[in-house]
Amino acid sequence: MINKPSKTLYLSIESRLCDVALVGHAVRGVCACSPLKLEAYGEMEVCVVEALNNAITHAYRRQEGYRVDIAITLHHDRISFEVSDEGKAIEEFAPRSLEFDPEEIGSIPENGMGLFIIETLMDEVSYSSRNGRNTLSFCRYFTQPQA
């Protein structure tokens, strides 16, 4: 099998929540060029939107005037995403769990939902913070690896 070269779309937005939807539309457009099923487009969009919302809300504390960079890459076997910022780093990056009582609305966690969603929908998730730059990376394989 001949591997096709990867293709990457680079986007950059200002740290404004109102600009996040633009990137969501771009994600759907790139997904249309992939072998993903139509139902997966929305999942990819939700994950990128959650990552952007986290960067703007937590890393930049909703302050405008900063950049959030996004890379969407189509590989021969997967689609991958990187969301980078230069704000406050995630202190402890670890897999999230949702433990709450569904009968008690007050027990639903206010934070960590975005990362939980990303970790649930994606095949691989990683985070790095180096030289003042924070990057959340995640991907979805087009076909699931055989166990």
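**Ground rules.** I number residues from 1 along each chain as its sequence is written, and I work with heavy atoms for side-chain values, leaving out hydrogens and water. Since this is a predicted model, I ask for pLDDT of at least 70 for local features and count side-chain atom pairs only at pLDDT 80 or more, while totals for chains, interfaces and linings use all residues.

**Overview.** I looked up the elements first: the protein chain has three helices and five strands (DSSP runs, with H or I over at least four residues for helices and E over at least two for strands, numbered from the N terminus). From the N terminus on, I read them as β-α-α-β-β-α-β-β. Of the 147 residues, 34% count as buried (under 20% relative accessible area; exposed is over 50%, partly exposed in between, with a 1.4 Å probe on protein chains only). I also noted that 64% of the contacts with a separation of 6 or more join residues 24 or more positions apart (a contact is heavy atoms within 4.5 Å).

**α1 against α2.** Helix α1 covers residues 20-31 and helix α2 residues 38-59; I find their axes 9 Å apart at an angle of about 150° (lines fitted to C-alpha atoms over the stretch in contact, angles from 0 to 180 degrees between N-to-C directions). The two are therefore roughly antiparallel (over 145 degrees; under 35 is roughly parallel, 65 to 115 roughly perpendicular, the rest oblique). Their crossing is right-handed (the near helix is turned clockwise from the far one by less than a right angle; anticlockwise is left-handed). On the α1 side I listed residues including Val23, Val27 and Cys31, which meet a set in α2 with Met44, Val48 and Leu52 among them. I sorted this contact into 10 nonpolar, four polar and two charged residues (nonpolar: Ala, Val, Leu, Ile, Met, Phe, Trp, Tyr, Cys and Pro; charged: Asp, Glu, Lys and Arg; polar: the others, Gly among them).

**α2 against α3.** Helix α3 spans residues 113-121, and its axis comes within 9 Å of that of α2, crossing at roughly 150°. I noted this crossing as left-handed. Among the residues in contact are Val46, Cys47 and Ala51 of α2 and Leu115, Ile118 and Leu121 of α3. By class, I have seven nonpolar, two polar and two charged.

**Aromatic pair.** I found two aromatic pairs (ring centres of Phe, Tyr or Trp, the last by its six-membered ring, within 6.5 Å; planes under 30 degrees apart are stacked, over 60 edge-to-face, the rest tilted). Tyr60 and Tyr66 are stacked, because their ring centres lie 4.7 Å apart and their planes are at 10°. Tyr60 is buried at 5% relative accessibility, whereas Tyr66 is partly exposed at 38%.
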